[in-house]
Amino acid sequence: MTEAIDEHFLKRLDDWAADAGDNSAAESDIPSDYLRYFGAQLQSRHLDFAARWLHSQGQGFYTIGSAGHESNAAVAMALRPTDPALLHYRSGGFFAARAAQVDGSTPIRDVLLGMAAAAEDPISGGRHKVFGHPDLNILPQTSTIGSHLPRAVGVAFALERSARIGCDLAWPDDALVVTSFGDASANHSTVVGALNATSYCTHRGLNLPILFVCEDNGIGISTRSPKGWTGSALSSHPGIRYESADGADPQELLTVARRAADEVRESRRPTILHLRTVRFMGHAGSDAEVAYRTPTEILRDYDRDPLLATARFLIEQRILGVEDIRKRYESMRDLVMAEAQEVCSAERLTTSTAVMEPLTRTRPDAVRAASIAAPKDADRQIVRKAPEDQGPMTLAQTINAALADVLATWPQSMLFGEDISLKGGVYGVTRGLAKRFGVARVFDTILDEQTILGTALGAAVSGLLPIAEIQYLAYLHNAEDQLRGEGATLGFFSNGQYANGMVVRIAGLAYQKGFGGHFHNDNSVAVLRDIPGLVLVVPSNPADAPALLRACVALAKEEGCVCVFLEPIALYHRRDLYAEGDDKWTAPYEGPDNWVEAPAIVGQVATYLQGRDLLIVTFGNGVPMSLRAAAALASAGIACTVMDLRWLSPLPEVELLNHARSFGHLLVVDETRRSGGVSEGVVTTLVDAGYDGVIRRVTSEDSVIPLGPAADLVLLSEADIVAAALAMFGKPATLQPKRPWM
């Protein structure tokens, strides 16, 4: 339909010229706002035409356009270029208008380079077509159905919270956040959740300076939004002001957009702007909308073309004449097409190394320095007794002490999640931290994992250092796309120009007694190991958990990594290893004086025992299970070394292979499921590297974990480990550990 909408615009100009007679502009001051608005609209429209042309030449790879949505330029004009913007994919008008506010911007070329997947694309470096630019404070989004809105709420939260904790952000103190989405996306749980969280915060008296813009074209790909539904839904959120404007009425829209933006900036409270638009040229280049819309419907929308509406207004107000409009329209066509022809020769990414470069950048020296950075003595003296002077600790206790030292070291750090403040977490891991550091930095959240992760994403990209807690591993799956689609991809789609370094603490894995079932004993980590750029760490021992946590915080701070710190619930309060009362699964907390000597090196494994017959490779609960199994195997003459991988994504391949080469027998002990479990990656790494010893693996079953004793029927046991090891050496499976695990 490119030619149709283009020809329709020009035909209407011909009609107006025939009716108008003398249509020259009045001799008066030209209202610059309307001309800037029209210029941004023209630029966006012709970029959409150019996208289709580039695609026809085999030089363009993105055809989702903004045609019909160009009225969003008015929103940009109501804001400042320092206001962070998180936009959806029909934001060509906004991008053009925002760029016009910043000297030296080249928006036409920038957008075309993105369409051509050119390596010199200034935002993604040829990795995707996104509206984004650091100089324009537009964060690149490839949102999966509104998934950027929780982050936008998080940015708004960070704007206000930073003042309470005394930290500077990437944005001015009086900035507001703008985020846009479509009417179909307004029904998605992510959008509904973000709006609900905003209402919740407002109800509690928390300021959130955010402008939500719903661009309502009445259709989601081919599914129509019921008449009146979107407005009814958007206007029903408590504590959020609602404004509505017609994209085909430039005078009203510019007024309403300014009013909405000014209200948010001054009151620091949220507003929804319901912007009625139309959609031209289908959902994307491959969408033949004649299959689900009649020609009459399509042509009827042409009369609501925002470009025609602005042109009509300019003519009626004698700001421009018809021929002036035509000249501007064709001049923009020539300018855009000239740039489009140039980008056809632009170089693209040519190697996998180049494509993945934003995911593989490292700053090891900076990470090491940050991991051993110590709090000031005064910050640690506010506790009666330093943790290193409190004797042997459990895993939960050393993590608590490590979190306290992180909060004392980095004033921009925050700790939040469900029940982590006054209660101190379901398992007491965060007990006492809110009292010590204040509820501005250690606080409870709404019961919504998307909001928890979105808050972390927004705080991180704003310059804070969030440590979010997901109460149970099974609960992560409600919100996993916040990590996959938003968090771990930001550096990739911004070519490293934006980062959201954060740590996500998750209580998980199985073997928890007395409080079971699949929600509280989830043993599946496959989804976390399948996200490029995400770091997954599983501590097992109270001795090394603090250093691993500090390493994750350092990776977040210095490399912008999204780090998941998966804490085995069953080990939180465990004290004994071989016999009741032996206290061999406790350890003293290492104070800052010892951090320099024993930093947690990224990708470094831990080993226990020094047997030479069998290397047992494991992690999490598997570590104490394997140590107990190794004691039983020793009586059969099999001397073991137990390796704790600790880093599950990326796997510590170098260290794994270095150790494996010294053994002729290797057993992978994996508490996760047989299919999609960690052992698959470990075995594949060994085979690919040419390991020529005997490899076996023992895992839990491919089952959901049931409640009560039935869980033992599907979970990996110590007896399974012993039997597998004996079989590798041709010995009968007659040995059993002294007592059942846990």
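Start with helices H11 and H12 and show side chains: Leu-307, Ala-311, Leu-314 and Ile-315 of H11 meet Val-322, Ile-325 and Tyr-329 of H12. Contact here means heavy atoms within 4.5 Å. Helices (DSSP H or I, at least four residues) and strands (E, at least two) are DSSP runs numbered from the N terminus. Seven residues of this contact are nonpolar, none is polar and none is charged. Ala, Val, Leu, Ile, Met, Phe, Trp, Tyr, Cys and Pro count as nonpolar, Asp, Glu, Lys and Arg as charged, and the others, Gly among them, as polar.

The model is predicted: local features need pLDDT of at least 70 and side-chain atom pairs count only at pLDDT 80 or more, whereas totals for chains, interfaces and linings use all residues. Residues are numbered from 1 along each chain as its sequence is written, and side-chain values use heavy atoms, with hydrogens and water left out.

**Helix pairs**

Two packed helices are described by the angle between their axes and the distance between the axes. Stay on H11 (residues 306-316) and H12 (residues 322-343): their axes come within 9 Å and cross at roughly 140 degrees. That makes H11 oblique to H12. Axes are lines fitted to C-alpha atoms, for helices over the stretch in contact, and angles run from 0 to 180 degrees between N-to-C directions. Angles under 35 degrees count as roughly parallel, over 145 as roughly antiparallel, 65 to 115 as roughly perpendicular, and the rest as oblique. The H11 and H12 crossing is right-handed. A crossing is right-handed if the near helix is turned clockwise from the far one by less than a right angle, and left-handed if anticlockwise.

Next select helix H14 (residues 364-371) and helix H23 (residues 545-559), whose axes come within 8 Å and cross at roughly 130 degrees. H14 is therefore oblique to H23. The crossing of H14 and H23 is right-handed. On the H14 side, the contact is made by Pro-364, Ala-366, Val-367, Ala-370 and Ser-371; on the H23 side, by Arg-550, Ala-551, Ala-554, Leu-555, Glu-558 and Glu-559. The contact of H14 with H23 divides into seven nonpolar residues, one polar and three charged.

**Tyrosine cluster**

The structure holds ten aromatic pairs. Rings of Phe, Tyr and Trp (its six-membered ring) pair if their centres lie within 6.5 Å; planes under 30 degrees apart count as stacked, over 60 as edge-to-face and the rest as tilted. Select Tyr-427 and Tyr-572: the ring centres are 5.4 Å apart and the planes at 40 degrees, so the pair is tilted. The two residues are 145 apart in the chain, with Tyr-427 in the loop between strand S9 (413-417) and helix H17 (433-437) and Tyr-572 in the loop between strand S14 (562-568) and strand S15 (606-608). Tyr-427 is buried at 15% relative accessible area, and Tyr-572 is buried at 2%. Buried means under 20% relative accessible area, exposed over 50%, and partly exposed in between (1.4 Å probe, protein chains only).

Tyr-472 and Tyr-475 are both buried. Ring pairs link Tyr-427, Tyr-472, Tyr-475 and Tyr-572 into a cluster.

**Single residues**

Go to Pro-84, in the loop between helix H3 (73-77) and strand S1 (85-86). Pro-84 is buried at 0% relative accessibility. Leaving aside neighbours within four places in sequence, Pro-84 is in contact with Asn-137, Leu-139, Val-155, Trp-171, Ala-175, Leu-176, Val-177 and Val-178. The C-alpha atoms of Pro-84 and Leu-136 are 8.2 Å apart, across 52 residues of sequence.

Thr-230 is the next stop, in helix H8 (residues 229-234), and it is buried at 5% relative accessibility. Not counting residues up to four places away in sequence, Thr-230 touches Asp-183, Cys-214, Asp-216, Ser-225 and His-274.

Ser-345 sits in the loop between H12 and helix H13 (352-360). Ser-345 is exposed, with 62% relative accessibility.

**Backbone stops**

Select Ala-117, in the loop between helix H5 (107-115) and strand S2 (138-139). Ala-117 has a positive phi of about 55 degrees although it is not a glycine. Leu-609, in the loop between S15 and strand S16 (614-618), also has a positive phi, near 65 degrees. Leu-609 is partly exposed at 38% relative accessibility.

End at Ser-649 and Pro-650, joined by a cis peptide bond with omega about -10 degrees. Pro-650 is in the loop between strand S18 (647-649) and helix H25 (653-660).
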